[in-house]
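Me: Could you take a close look at one part of this protein for me, the nonpolar core and whatever surrounds it? I'd be glad of a connected walk through it.

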Amino acid sequence: MSYRVVIVLGVADRVRLSVVQAYRFALDLTPRQERAVLAHAGAARVAHNWTLARVKAVMDQRAAERTYGIDEADLTPTQGWSLPALRKSWNAAKSDVAPWWAECSKEAYNTGLDALARALKNWSDSRSGKRAGRPVGFPRFKSRRRSTPSVRFTTGAIRVEPDRKHVVLPRLGRLKLHESARKLARRLDAGTARILSATVRRDGGRWFVAFCVEVDRAARTPNQPQVVVGVDLGVRHLAVLSTGEVEPNPRHLDAAGRRLRRLARRASRRVGPDRRTGRRASKRWERARAQLGRAHARVANLRRDGLHKLTTRLAREFGTIVVEDLNVAGMLRNRRLARCIADAGFAELRRQLAYKTGWNGGRLVVADRWYPSSKTCSGCGAVKTKLALFERTYTCAMCGLVLDRDVNAARNLAALAVTVAGSGSETRNGRGADRKTRPGGPVAVKRQPGTAKAGKTGTVPPQGRTSNHVPAYAS
Ligand SMILES: [Zn+2]
C-alpha cells in the first residue's frame, strides 16, 4: 500500500540561500505625513480607475463597432493590458485627467497601474484556464471609502536611517518607525540584504511600511536533523506532535468574542452609509467601525505571533516535518467548522512550515489527503474501518495499543516520512490540490468514519482507490 507523498522543499545541500522576504514595521506618521501618504494612495487609485475605465471603454467600443459590421482592421485600436501599455496611455492623458499629477511621486501612479495590469492578467488567465483556483472576476473600480490606502515605491531613495528608528522614502521623506528596524538594518549593513521595494499601507487603523527584501541567508541545519516529527493539526489542540507534545489552540477569536460583539453592536446602532439613499456615514459610526477594526487586527496579530513562534520552533528543531494535506478551503465551506478552522490558521501554518523548513535546511513532507492517519494503528499498522470523532483514545483490537487519538495520528504521519526517506526530494507548488477533490462539491473535511451522509461510502478507508497511485518520488 503506497500513498502519494509530496516533499515541498528540500534544500539542505545548499550553502547559501537567496530568498525574497518581507520586513514589516509599524509607522508613527505625523498628520502632515499621513496626508501625504493618503494623497499618494489616492493618486494610485485615480490612475487605476481612469485606466480601467479606458480599458472598458475600448472593449465596449470595439464590441459595438463589430455589431455595425465594421472591418476588423478598422476597429478602434486595442488598449494593451501590460503595465507599459497602461502606463503609456496614462502618461498621455494625465495632464488632462489629473493636472495635479506632479504633486505625487510617479511611483504612486505606478502602484495603481501595476495593480490593474495584474488584475487584468489574473482575469484573462483565469478565463483561459491558465490560472488555478477559484475564478477571478473582472477588475472593479477602487473606492476611496472601501479600498485600503497603499502605495509602493520600487525606485529612488529607499533606506533605513543609521539610528534604525527612521526610514526614508521618495517624496514622503523621513518617516518615524514605531519600532526599531535593527533586524533589517543589520542585514543591510552586512551586505546580505537588498531592498527591492517599500510599501506603505494602512492596516487595522495603523500605518505600516513593508520592505520587500532579497536576503542572502546562511544555510542552517536543524538541531535534530535525523529526527522525523509528525504534526497532527486539529481544532481541539492546534497541533499534536508525534513526540507526544501538545500545542494548545489559543482560540483568540473566541477569547475576543465578547468584545467584538459589543463593538459590532455599537457600530450597528450608529448611522452608517446607505448607498441606496446616498446617506453618508456619521462620524460616530466611523469611530465605532475603527474600534471594531482595531479589535479584529489585534486578534489577527495574536494569531500571527503564535503561529510564527510554533513554526519557527518546529523548523529549527526537526529535520523532517510531516503534515497532512488538509483541504482547508473545503473545510471553510463547512459553516459549523469555518470559524474554528479560520481561527486556528491551518493554511497559514502550513505555508509558514513550507518556507521555514527550507530556510532551516529541513524538509516538509505533505501526506496524501486520503491517508488514514487517524484510523491506522501506529503500533501494528492495522486500519480501522470506523473511528468516531468523539473517541479521543485509539484502542487497537489487533495488538492492544492504547494511545491518545491525536498522538496516534501524528506517529502515523511520522512513520510515513520514513518510507520516503532517501528517495530524494521533489518540489511542488504547495497549493496544487489532489485531483480527487471535487471542485465545489460536498465539504471534504478530514475524512472520519460516521461523518459521511447516508448512502455515501465515506466510512470505508480509501486505500483501495489510492493504492494504484504511483508514488511521486523524484529520481
Ligand atoms: Zn495495533
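Reply: Happy to. Setting aside neighbours within four places in sequence, Leu27 is in contact with Val167, Leu175, Lys176, Leu177, His178, Val200, Trp207, Phe208 and Val209. Please keep in mind that this is a predicted model.

Leu27 belongs to the largest nonpolar core, which has 44 residues. Along with Phe25, Leu169, Val200, Val209, Phe211 and Val213, Leu27 is among the members that touch the most others. Helix 3, residues 106–128, supplies the largest share of this core, with 6 residues. There is also a second, separate core of 23 residues, and Leu233, Ile321, Val323 and Met331 are included in that one. As background, nonpolar side chains in soluble globular proteins tend to be buried together.

Thr199 sits in strand 7, which covers residues 193–203. Its partners, again leaving out those within four places in sequence, are Ser150, Val151, Arg152, Phe208, Val209 and Ala210. Thr199 counts as buried because its relative accessibility is 17%, under the 20% cut-off.

A loop between strand 5 (166–169) and strand 6 (173–177) holds Arg171. With 53% relative accessibility, Arg171 counts as exposed. Its phi is near 65°, a positive value in a residue other than glycine. Arg251 also has a positive phi, near 45°, and is likewise not a glycine. Arg251 is placed in the loop between strand 11 (246–248) and helix 5 (252–255), and its relative accessibility of 30% makes it partly exposed.

Back to helix 3, which packs against helix 2 (residues 83–97): their axes come within 9 Å and cross at roughly 135°. The two helices are therefore oblique to each other, and their crossing is right-handed. On the helix 2 side, Leu83, Leu86, Arg87 and Trp90 make the contact, while helix 3 brings Tyr109, Asn110, Leu113, Asp114, Leu116, Ala117 and Leu120. By class, this contact has 8 nonpolar, 1 polar and 2 charged residues.

For another helix pair, look at helix 7 (residues 283–317) and helix 10 (residues 346–359), which pack at about 40° with axes 9 Å apart. Helix 7 passes helix 10 in a right-handed crossing. From helix 7 come Leu307, His308, Leu310, Thr311, Thr312, Leu314 and Ala315, and from helix 10 come Glu348, Leu349, Gln352, Leu353, Tyr355, Lys356 and Thr357. Here the classes divide into 7 nonpolar, 5 polar and 2 charged.

Gly345 lies in the loop between helix 9 (335–344) and helix 10. Its relative accessible area is 10%, so Gly345 is buried. Gly345 and Arg304 are 41 residues apart in sequence, and 8.6 Å separates their C-alpha atoms in space.

To put all this in context, the protein chain has 12 helices and 15 strands. Buried residues make up 41% of its 475 residues. Of the contacts between residues at least 6 apart in sequence, 68% join residues at least 24 apart.

Technical notes: Residues numbered from 1 in each chain as written. Predicted model: local features only at pLDDT ≥ 70, side-chain atom pairs only at ≥ 80, totals over all residues. Heavy atoms only, no water. Core = buried A, V, L, I, M, F, W, Y, C linked by side-chain atoms within 4.5 Å. Buried < 20%, exposed > 50% of the residue type's maximum accessible area, 1.4 Å probe, protein only. Helix = DSSP H or I, 4+ residues; strand = E, 2+ residues; numbered from the N terminus. Contact = heavy atoms within 4.5 Å. Axes fitted to C-alpha atoms, helices over the stretch in contact; angles between N-to-C directions. Parallel < 35°, antiparallel > 145°, perpendicular 65-115°, else oblique. Left-handed = near helix turned anticlockwise from the far one by under 90°. Nonpolar A, V, L, I, M, F, W, Y, C, P; charged D, E, K, R; others polar.
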